[in-house]
Structures are given as structure tokens and as C-alpha cells.
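Hello,

Here is the structure I promised to pass on to you. Have a look at it first, and then read my notes below.

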Amino acid sequence: MKKKLHFNSLTIHGGQAPDPAFGAVMPPVYMTSTYAQSAPGDHKGYEYSRTHNPTRTALEKNIAAIENGKHGMAFASGLAAMDAVMKLLQPGDEILATDDLYGGSYRLFTKIFEAYGLVFRFIPMRDTATVAQHITPKTKLFWVETPTNPMMNIIDLKGMAELAKAHNITLAVDNTFASPYLQQPLEFGADIVMHSATKYLAGHSDVILGSLVVNDDTLAERLRFIQNASGAVPSPMDCFLVLRGIKTLHVRMERHCENAAQIAAFLQQHPKIEQVYWPGFETHPNHTVAKQQMNAFGGMLSFVPEKSSFAMAQKIITSLKIFTLAESLGGIESLVGHPASMTHASIPKAIREKSGVVDALIRLSVGIEAVEDLIADLDQALS
Ligand SMILES: *Cc1c(COP(=O)(O)O)cnc(C)c1O
């Protein structure tokens with residue numbers, strides 16, 4: 001048995017071997033829906049590409065390796081991966097989800113799955129003891145995002161895993177914001193890790209894809225059954241693109257984190273800024289937990305201009321030249337977002353504001369450009 005590789009090698013080599021047909025070092029894009037059988041049921045392991053495809057397998061093995069898990073699954077999108085997780089549940093089951101989460105997740109839960117009898121409660125999860133108070137005999141799943149989107153709250157993964165185990169509850173973690181470079185939730189005892197691979201894993205804003213990683217064999221079998229039966233699978237080309245992106249994940253993340261740290265410091269001291277949300281500040285309420293469970297503080301941050309002025313937020317957003325106003329995050333290019341009207345528009349205003357997503361909040365996905373250019377861009381927009 002070979003010694004386990006470091007993370008920075010697993011991104012490139014995890015689960016990968018030269019292709020058996022011609023020794024191609026990079027996985028071929030197997031654009032095929034079906035596979036020849038020499039006799040009924042006699043085939044080389046692949047029958048139909050909804051069920052599996054060699055390019056998808058290469059990606060799934062790689063994602064499992066970098067999340068330090070046993071089974072990886074790739075889906076047509078992050079939301080398709082979440083959809084499969086929700087289908088593990090039965091009508092009447094209760095789900096406790098963080099109150100500060102991706103707007104599309106909130107929409108999937110409330111506008112689709114509530115109609116099938118699942119019961120969702122959106123609660124603050126910054127303190128595990130508060131979560132414990134909401135558990136009932138019907139609670140079957142915890143849905144956690146950390147850092148949260150867009151408020152950058154940190155949820156204690158070890159504490160949540162202990163609570164989940166004690167009550168026989170499944171812990172699912174949306175690890176999109178951190179990426180496995182910063183934290184590996186299975187290591188802290190989570191049961192399911194979900195990614196919108198669209199973001200940091202793919203890293204180049206050119207593909208939509210989602211993934212799940214689990215350790216438990218029975219859970220993996222059930223999720224694969226749901227995936228095949230429901231059919232939300234990614235194309236071989238998209239799998240290839242994400243796999244290609246992951247090979248540089250560690251190099252990109254290092255730069256995302258360094259740039260974000262410098263921008264957070266710049267905004268923090270700027271007289272026209274009221275509040276900066278970034279888990280790397282010692283004053284961040286869960287900074288200690290962030291330090292324990294993350295290798296660095298990520299490439300995302302949010303801020304509010306002085307007097308929580310929406311007019312000023314709009315002025316800043318439209319004055320930026322390098323930061324592009326767009327949905328999404330995690331690509332090499334810097335993006336600016338306005339959560340209240342974009343990613344979080346599907347969450348009612350009252351609920352949104354309760355968790356801090358005010359109309360003046362601005363979110364940055366810090367890219368890997370020269371940080372001097374990014375700071376100069378913010379500086380001119382603020383003046
Ligand atoms: C984008 C995103 C999703 C949804 O993923 P898609 O690939 O767009 O379907 C889920 N969670 C988080 C945190 C996201 O940022």
C-alpha cells in the first residue's frame with residue numbers, strides 16, 4: 001500500500017490512472033450513451049451513460065479523493081445533487097437548515113420539497129446548543145453551509161457531527177464556499193458532503209456541475225439509485241472540464257485566500273465602510289472555530305458601506321471595473337454580487353434581513369488577479 005498522498009498531489013493524481021485503451025494521460029471524453037455487449041449482460045463494466053460513464057467515473061474518484069471520502073458522485077448541477085439528498089427522506093421528516101444559506105437551496109427546499117411533505121426549519125447554527133433545542137423525534141437531516149452565504153458565519157462541524165450522531169440524524173454539509181482545500185467535512189464526522197462544483201472545483205466559470213461524497217456504502221448505493229432513477233447526470237464533457245479545473249485547485253485557492261485577506265484588511269480600515277464580514281478577523285464571532293476547522297479563510301467576503309446606504313452600495317457596484325457584476329463565485333476572475341437582488345432574491349425580504357442580508361450588503365468573490373489591481377479598483381469605486 002502506497003503512502004497516502006498530500007492534498008496538493010491528490011488534486012492531480014487522486015483516483016486517476018492512464019486510460020487503459022491507449023494510455024492517454026488525461027481522461028478521454030467518452031461521448032457515448034451506450035456500450036457494446038459481447039453477449040447479453042456481458043460488458044466491460046459500463047452499460048448506459050445515465051448510470052455511469054468512464055469520464056464521469058474519473059471525476060467521481062477524484063472528488064472522493066480530495067474530500068477524503070470513499071464514494072463520489074457527480075450530478076448535472078449543485079442543486080441536482082441536493083435534490084438527490086432530499087429524496088432520501090420521507091413525508092413528515094424534518095430538516096434543520098442554517099438560516100443563512102444559498103438562495104437556490106432555500107427555493108428548492110420550500111418551493112419544491114415542502115409540497116412533498118418534508119418540513120424545513122431555518123435556524124441560526126452559529127451555536128450548536130441552539131440547534132439542539134430545535135431537534136424533535138422527526139428530525140432526520142441537518143443541512144449546513146460553512147462559511148455561510150453571504151454572511152460568512154462559521155458553523156462548528158465537529159459540534160454539529162456530535163449532535164447529529166447523538167440523535168441519529170444525517171449531517172449534510174454544503175462545502176462549496178470552502179472547497180476541500182480549506183476543510184474536509186467528512187473528517188469532522190459529516191455523513192454527506194455536497195458541492196456546487198460550478199464554483200471553486202471547476203474554478204473557471206465555464207461549467208455547471210454538482211457532486212456528493214459519502215463514506216457509508218449503503219448511503220452511496222441509495223444515492224446512486226436515486227441518481228440513476230431521477231437522471232440528473234452531467235455530460236462527459238462537463239466532467240472533463242471539472243476534472244481539469246480540480247488539478248489546479250490548490251494553487252488557485254492559495255491565491256484566492258491571500259488576495260481576499262488583503263482586500264478584507266483594506267476594506268476594514270476604509271472610512272466609507274461600516275462592516276466587513278470575513279472569518280479571518282479575530283473579531284469575527286466564530287474566528288476560533290474557523291481557525292480550528294479551516295486551513296485558511298477563503299476567497300469570499302461581504303461588506304456594508306457607511307450608514308447601510310443602498311444608494312452607495314449601488315454606486316460602488318456599478319463603479320467597479322475589474323470586479324464584474326454577476327451571479328456565481330469561485331472562478332479565477334473577481335466578481336461582485338448584490339445578494340438581496342441576485343443570489344438571495346428568492347428569499348423573502350423579512351427572512352433575508354433577519355440573517356443580516358440587508359439591501360446595502362455587497363458580496364465579493366475575490367479572484368486570482370494581481371491584488372494591487374483589485375484594491376485599486378475598490379479604491380476608485382469607493383471614492
Ligand atoms: C451555486 C451554489 C449552489 C447551487 O449549485 P449549482 O451548481 O448552481 O446548481 C449551492 N450551494 C452554494 C453554496 C452555491 O454557491
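In α3, the residues L79, M82, D83 and M86 meet G104, S105, L108 and F109 of α4; contact here means heavy atoms within 4.5 Å. Sorted by class, this contact of α3 with α4 has 5 nonpolar, 2 polar and 1 charged residues. (Asp, Glu, Lys and Arg count as charged, Ala, Val, Leu, Ile, Met, Phe, Trp, Tyr, Cys and Pro as nonpolar, and the others, Gly among them, as polar.) Helix α4 covers residues 103–112, and its axis comes within 11 Å of the axis of α3, crossing at roughly 35 degrees. Axes are lines fitted to C-alpha atoms over the stretch in contact, with angles from 0 to 180 degrees between N-to-C directions. Helices (H or I, at least four residues) and strands (E, at least two) are DSSP runs, numbered from the N terminus.

Please keep in mind that this is a predicted model: local features need pLDDT of at least 70, side-chain atom pairs count only at pLDDT 80 or more, and totals for chains, interfaces and linings use all residues. Residues are numbered from 1 along each chain as its sequence is written, and side-chain values use heavy atoms, leaving out hydrogens and water.

Now to the ligand. Both α3 (78–86) and β6 (192–196) supply at least two residues each of the shell around the ligand. That shell divides into 5 nonpolar, 5 polar and 3 charged residues. Of the 13 residues around the ligand, G78, D174, S196, T198 and K199 come nearest (a residue is near if one of its heavy atoms lies within 4 Å).

Happy exploring!
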